[in-house]
Structure formats: structure tokens, C-alpha cells
Amino acid sequence: MRPTINSHRLQDSLEELGAIGAFDSEHEGIRGVCRLALSDQDATGRQLVMGWMKQAGLEISVDQIGNVYATRSGHDNTLAPVMTGSHVDSVPTGGRFDGTLGVLGALEVIRTLNDHNLTTHRPLTIAFFTDEEGCRFGTDMLGSAVATGRIPLEQAWGLKDADGLCVRSELERIGFCGPEPVGSRKPHAFVECHVEQGPVLLHEGFDLGVVTGVQGISWQRLTMTGAPAHAGTTPTSFRRDAGLVAAKINVRMREMCLSGDYGPDMRATMGVIDPKPGSVNVIPGRVVATVDLRNPDDHAMKRAKTDLASYWRALAESDSVTIEAEQTARTPAVAFDAHVQDTIAAAAESFGLRHRRILAGAGHDAQEWSRICPTAMVFVPGENDGISHNPLEFSTPQQCERGVNVLLRTILSLADEPA
Ligand code: GLV
Ligand code: MN
Ligand code: MN
């Protein structure tokens, strides 16, 4: 018997969760989602999903960093489970699919097995992980990184948001600082279904992507300090303009991408540029800015970081400012497991889907679990050129259904594997 998912139920759940933290985006003219990690909206979303997990008969456990695991028994519960999941937090201007498709897709897999009264050989665990986005506390994949031992719990608990609120107190405030010790789980395999968040699958006419790995990511926070002074009266030669320095670094980042010196796929973004005091007639005396670098080649990433740091050190000298740099997140390029990739590809074949191998451009919880157990991901194409971190993010019901059906069949196959 080869069950398939209930697409309407999946869409209903995506819609219901998407209503939590929804806002009307003036720019795009549609509704977006803002569910920052450990905010009230995140808490409401978490509760909704946990309620569904309970209704599906799963046994729930919350760990010390707020990751939520829900397990369904197998025939042999002495065997390691197959785990699947993603995240329910969003960026400030998010859409309805990033992370949530992987969480609600996992739930739909369980609901489908329940509908058909099917028990797998191995137990199954579906999960959502704390602060995958990293935009509130500065470090992405935080919950899965702590669960898999890359980031120590105490360090993660101590991270602060822009208002000085720390991860631990926010976990406690929303009731998700759980009792389960972190680092105790070792699944048989991990699979995550996620939207591609890029244009490749759609433009090349594929129904699905089998993800080969994730590119390296480096995040830094720069604090540039010059001198605030009158915009009209301060001659150019007297200025110590931190805003100008931020702009020069941003332009340099683009030049580096275009140079080809760091490989064809280097990407660089200054997503936060926050000048102080922030007045039309005051030279910015201080700017906090972020530098997001991505590269599938770790050596090229290292060179890019070194060269960019040399550039800003020279700028600090020439423009009479100080620049402090803090590394807030850093993950190397990750290669996913060949067998799990092949299992996903075989599941896609069995549905007659056109699929290709593809490298992930975004960070994902799966990359953290890949250090602990064989791991790979299923990518679902996105409309609107695959735009993501934007309210226009959209995958059709059919695209979602195909991805989650492949997730289901992949899980069934992995869960049948012997010890
Ligand atoms: C997470 O979405 C990231 O890649 O920034
Ligand atoms: Mn995501
Ligand atoms: Mn994201």
C-alpha cells in the first residue's frame, strides 16, 4: 500500500499557521508573515502546531533551547527514529512557506500514516527548531546548532536581541525552555522539505529538487564609529562620516562578487545599515551594519573575508573612523548524504516527477543534523522567480503536494531500514 497525502489538509494548515503574525505589506500589496523567534507570534504558532501534534497522537518533548520534538512509535522502538522537520519562525518580512512547509509537511506525513493505520518499522520524530532565521538574536540555525553540539547551550542562552532581551529569558517568557537536555538525540536519518527560495527549479522546468548540500555562510556585525557633526557647516576635510564608510564597504562587497576572484557564486549583502543619530542634517557618527557572505567554496569564502577585512582596516585609517567587527554566525559548506539523496530521488521517480540535484543557497536546520546522521533535503519550486524572505513567496498547492508526497515516501523508505 502506497499512501499519498491530503493536499487540502496541508493547505488548510499552512493557511492557519500563516495567519499568525500576518501583516498587510504595503509594498507588495499582499499579506506577509512576521513571526520572529521567541516573540508572542512565534509562541502562538508553536502552540498551534503542538496542538496539532497532540491531536495526531504524538508524544511531545521540548528541549532546553526550545526545540520541539514529537514522536510516533514504530514496530521497533529500540531503533533510532527517522527525523523530519524545519522551523516556524520567520524573518520580519516573511512569507507563508519558509520553514512551515517542512514542519506542516512533516505533520501531514504523520496524519496520512494515521489515516491509513500504518506503522513504520522505526519510530518517526517530527520537529521544529528554535530561531532558524537568526534575524532576532544574530545567529541562524540556533536551535538545531545547539541540539547537535555546534553551539554550547550557555552561549546560545546568552545571545541578546536589539532590545537587550536574551534567548533564555525569552524562552522562559513564552514557556518553551523545556526540560529535555540538548544533545541527546541521534536519529537514523534526517530529511527536511523546504521551498527552494530561488528561481532555478521553476525556470528549468523541474518539479522538485534533491538537495546536495548547503553553501558556506558568514555573518558579521560591523560597528563603525566616526563623529556626528553639522551637515551644513562641517567642511568635507573635517568629516569622520561612518555612513560613508558603510557605503564604501557595501560597494566593495558588490565589486568582489562581480570580480570573479572568489568564484562565480559569491554573494554579499549588507542587510542592516543603521546610522546614528539618523537625522537629515547630522553626519552619521556611528553605523551598525551587517555583512552576510555566502560561498559554496570554503577557501574562496576565507579569502573574501580576509580581503574585505583588509579593505575596511585601510578605510578606517583613511576615513578616520574605528571599525569593530563581530562574527555572529559562521557555517562551512555542507555536503549531504548520498544515500538519503538517492532515496529522495527514487521517491521522486516513483511519482514520475522531473527532478534535479541542487545546492541550497539558504541556511537550513538540516545542515546541522547532517553532522549527526545521514541527511538530505527535498526542495519545492517557488513561483514569482522563487522569491523568499518576502510576502510574495509562494509555492502552488500542487508543488507543495509533490514535495510532501516525496517526503512521505522517502521517510517510509528510510524508516524500513534495518539496524
Ligand atoms: C536563512 O533563511 C538564511 O539563509 O538566511
Ligand atoms: Mn527556512
Ligand atoms: Mn528563511
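**Stop 1**

Select β1 and β2, which form a hairpin with four residues between them. In the turn, G29 has a positive phi of about 75°. This is a predicted model, and every value in this tour is computed from it. Strand β1 covers residues 22–25 and strand β2 covers residues 30–33. The two strands run antiparallel and are joined by four bridges. To see how they face each other, display D24, which stands opposite R31 in β2.

**Stop 1: the manganese ion (ligand 2)**

Next, select the manganese ion (ligand 2) and display the side chains that hold it. Which residues coordinate this ion? They are H87, through NE2, D98, through OD, and H194, through NE2, at 2.1 to 2.3 Å. Along the chain these donors follow the spacing H-x10-D-x95-H. H87 lies in the loop between β5 (82–86) and α3 (100–115), whereas H194 lies in strand β7 (residues 189–195), so the pair ties together parts that are 107 residues apart in sequence.

**Stop 2: the manganese ion (ligand 3)**

D98 bridges the two manganese ions, ligand 2 and ligand 3, which lie 3.6 Å apart. The manganese ion (ligand 3) is coordinated by D98 (OD), by E133 through two listed OE contacts, and by H389 (NE2), at 2.1 to 2.5 Å. The spacing of its donor residues in sequence is D-x34-E-x255-H. E133 is found in the loop between β6 (124–128) and α4 (142–147), and H389 in the loop between β16 (375–380) and α12 (397–415), so this pair ties together parts that are 256 residues apart in sequence.

Are E133 and H389 buried or partly exposed? E133 is buried, with a relative accessible area of 6%. H389, at 36% relative accessibility, counts as partly exposed.

**Stop 3: ligand 1**

Leave E133 and H389 on display and select ligand 1. Both residues belong to the group around ligand 1, which consists of E132, E133, W219, R294, A362, G363 and H389. A polar side-chain atom of E133 lies 2.9 Å from an oxygen atom of ligand 1. For R294, a polar side-chain atom is placed 2.7 Å from an oxygen atom of the ligand. At G363 the contact comes from the backbone: a polar backbone atom is 2.7 Å from an oxygen atom of ligand 1. How much of ligand 1 does the protein bury? Taken alone, ligand 1 exposes 190 Å², and the protein buries 95% of that.

**Stop 4: salt bridges**

Now hide the ligands and turn to charged side chains. Side chains of opposite charge can pair when their charged atoms come close. The structure holds 21 salt bridges; a few of them are visited here.

Select R9 and D115. They form a salt bridge in which the closest N and O atoms are 2.9 Å apart. The pair links distant parts of the chain, with R9 in helix α1 (residues 7–18) and D115 in helix α3, 106 residues apart. D115 is partly exposed, with a relative accessible area of 48%.

Move to D40 and R173, whose salt bridge has its closest N and O atoms 2.7 Å apart. This pair also links distant parts of the chain: D40 is in helix α2 (residues 40–55) and R173 is in helix α6 (residues 167–173), 133 residues apart. D40 counts as partly exposed at 46% relative accessibility, and R173 likewise counts as partly exposed, at 45%.

E170 is buried, with a relative accessible area of 5%.

Key. Residues are numbered from 1 along each chain as its sequence is written. Chains are lettered from A and ligands numbered from 1 in the order in which they are written. This is a predicted model: local features need pLDDT of at least 70, side-chain atom pairs count only at pLDDT 80 or more; totals for chains, interfaces and linings use all residues. Side-chain values use heavy atoms; hydrogens and water are left out. Donors are N, O and S atoms within 2.8 Å of the metal (3.2 Å for Na, K and Ca); water is not among the atoms, so sites may look incomplete. Buried means under 20% relative accessible area, exposed over 50%, partly exposed in between (1.4 Å probe, protein chains only). Two strands pair if DSSP finds at least two bridges between them. A salt bridge is a side-chain nitrogen of Lys or Arg within 4 Å of a carboxyl oxygen of Asp or Glu. A residue is near a molecule or strand if one of its heavy atoms lies within 4 Å of it. A polar contact is a pair of N or O atoms within 3.5 Å; within protein, one must be able to donate a hydrogen and the other to accept it, and residues adjacent in sequence count only if both atoms are side-chain atoms. Accessible areas come from the Shrake-Rupley method with a 1.4 Å probe; for residues, only the protein chains shown count as cover.
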